[in-house]
Amino acid sequence: MASVPSLASTVNQRVADALASALPEAGAADPLLRRSDRADFQANGILALAKKAKANPRDLASKVVEGLPAGELLQGIEVSGPGFLNITVTDRAIIETLAARATDARLGVPYAQNPGTTVIDYAQPNVAKEMHVGHLRSAVIGAAMVEILEFTGERVVRRHHIGDWGTQFGMLIQYLIEHPHELDHKAEGDAEVSGEEAMSNLGRLYKASRALFDSDEEFKTRARARVVDLQAGEPETLALWQRFVDESKIYFYSVFDKLDMDIQDPDVVGESGYNDMLAQTCRLLEESGVAVRSNGALCVFFEDVKGPDGNPTPLIVQKSDGGFGYAATDLSAIRNRVGELKATSLLYVVDARQSLHFKMVFETARRAGWLGEGVQAVQLAFGTVLGKDGKPFKTREGETVRLVDLLDEAVERATSVVREKAAKVGLSEAEIVENGRYVGIGAVKYADLSTSAARDYKFDLDQMVSLNGDTSVYLQYAYARIQSILRKAGDARPAAHPELALAPAERALGLHLDGFGELIADVAAEYAPHKLASYLYQLASHLTTFYDQCQVLSEDNPAEVVANRLFLVDLTARTLHQGMALLGIRTPERL
């Protein structure tokens, strides 16, 4: 089905046409229509146009009104203040537009007009290291942007740039050679290894190898020699390195599974995936003059990037000892993603503290011609997860919070909330456990996604699992309440009745529903999932007001009023369900 134009876009076009007739020299002028608390919409663009044409803005506004007769779309228009237009649409127009949306599985949301290919770099844990709270935001924000962009018709390629290369592997591999059973599993036969066991083995081995490395000079020498073997591709060393990667993936995937995220193995392309390109990347940069040698290192300099001493701070692509820096890997990844994957957009969901690094990497890639005019590279920078005290989130002992512990606690707290209401709804124990997981993980995701990515936010589980306020639980209960109403409706079915007059709460709910398509387009264009979270919270709030003022299944209501109100709540449920799915949050049918 073709997309359904929103009322806002239809009204905007009508006003633009009337404006062109009233002031031909203005051409295709934008009336600057927006939602208003004085009417359904307000057009603010006439003032600037009148000033430009040296016309009286109120006179021009009155001419525009004359060209906009009332009818099936417009109920009334009035000139306000110095030349604003306050516009009210008809009840019929609201319901007919929503009815058109309701017949479409996509709720009338349009596909992007010129979709491209976006490579999203997100969820980037490190091999042989435990995932902590700092890994949460990249995973959650990135996964939401994948869903949102795919929904608009964009071709999305996921990339998980895991930390799977570096000098620490010499230490780990050498220790494993000398202690060959450290990664053996307790599970026998074909029994599946748990992520917890995999991480336990890795953590124990990492601590033991680090202690030996720091205390035994002979082991340190052997470990450093092993790094040389790894970089040279010595078969035994590479095989043991692969064991560390595979063991870590067991753990990674178990954590992502807790987060209700689908991570596919082909999308995991770590630092090692670009090793074969590093020397060529450096050679191309040096030959083109983009990078120059400075004290033996290969560097790229920028006029606007200086250190505290006032001297330029370069991007180091290759160290003076011949080793490659992170920049060489990131630049090689750009070459691969644009050249091989044919990306038109590169989106990096990375901590804001790496902003300077990526600014320099992107500029270097542009100078080298690897980011052409038709390709954009964007860092979707995110802030820090804070504790209730407003400081970086730590345990009582001052340690970084393990991500698994945080998620388990969220599910435990949410399950208690679900259990309190379970008897009233008639949930089984299995449903309580399942819903507890959906509510707990949803609470963690929503707290992150409802905050602008660039801002820090406080991790407060008490607030996150609250039934009141801007939380995912509030939205999930709104959805479940609608499903309960639909089950209780008996023979009554949702059906649009455009002939009916609408109550104020019905109008407000309907107009908000109509804005979903344009909202999704804005969220995708701006990489701003927090705007979708805000829209859904406002939708649930409109629904609460609607319940307070408009009984749905009242015996006092005519059948067509019941059907129309069922239609409104059903479309609200579908919109909540779709919106929450784009954020990666489940909506249980019963809560």
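A residue is called buried under 20% relative accessible area, exposed over 50% and partly exposed in between (1.4 Å probe, protein chains only). The structure is a predicted model, in which local features need pLDDT of at least 70 and side-chain atom pairs count only at pLDDT 80 or more, while totals for chains, interfaces and linings use all residues. Residues are numbered from 1 along each chain as its sequence is written, and side-chain values use heavy atoms, with hydrogens and water left out.

The chain has 591 residues, of which 51% are buried. Its C-alpha atoms fill a box of roughly 90 × 65 × 45 Å along the principal axes. The secondary structure comes to 20 helices and 13 strands. Helices (H or I, at least four residues) and strands (E, at least two) are DSSP runs, numbered from the N terminus.

Salt bridges were assigned where a side-chain nitrogen of Lys or Arg lies within 4 Å of a carboxyl oxygen of Asp or Glu. By this rule the count is 33. Side chains of opposite charge can pair when their charged atoms come close.

An α-helix has 3.6 residues a turn, so residues three or four places apart point the same way.

K258 is partly exposed, with a relative accessible area of 31%. D408 is also partly exposed, at 34%.

Helix α13 holds a further pair. R413 and E409 form a salt bridge, their closest N and O atoms being 3.0 Å apart. They sit 4 residues apart in α13, about one turn of the helix. R413 is partly exposed at 28% relative accessible area, and E409 is partly exposed at 39%. Shared partners extend this pairing: salt bridges join K388, E409, R413, D460 and D462 into one network.

A positive surface patch is made up of K421, K424, R481, R487 and K488. Two elements, α13 (403–425) and α16 (472–488), each give two or more residues to the patch. The largest share, 3 residues, comes from α16. Patch residues have over 30% relative accessible area and no salt bridge; like charges are joined within 9 Å, and nonpolar side chains (Val, Leu, Ile, Met, Phe, Trp, Tyr) within 5 Å. K424 lies in α13 and is exposed, with a relative accessible area of 79%.

Helix α16 is mostly covered, with 12 of its 17 residues buried. The buried set includes Y474, L475, Y477, Y479, I482 and I485. The end C-alpha atoms of α16 are 24 Å apart, in agreement with the 24 Å its 17 residues should span at 1.5 Å a residue. The expected span is 1.5 Å times one less than the number of residues in the helix.

Helix α11 (residues 326–339) has 14 residues and reaches 20 Å from its first C-alpha to its last, close to the 20 Å expected. Like α16, α11 is mostly covered. In α11, 12 of the 14 residues are buried. Among them are the charged residues D330, R335 and R337, as well as L331, I334 and V338.

Two contacts between residues separated in sequence were also examined. E150 lies in helix α5 (residues 136–151) and is partly exposed, at 32% relative accessible area. E150 and T118 are 32 residues apart in sequence, with their C-alpha atoms 9.5 Å apart in space. I162 is found in the loop between β6 (155–159) and α6 (168–178). I162 is buried, with a relative accessible area of 3%. The C-alpha atoms of I162 and A123 are separated by 7.9 Å, although the residues are 39 apart along the chain.

Conventions: Accessible areas come from the Shrake-Rupley method with a 1.4 Å probe; for residues, only the protein chains shown count as cover. The place of a charge is taken as NZ of Lys, CZ of Arg, CG of Asp or CD of Glu.
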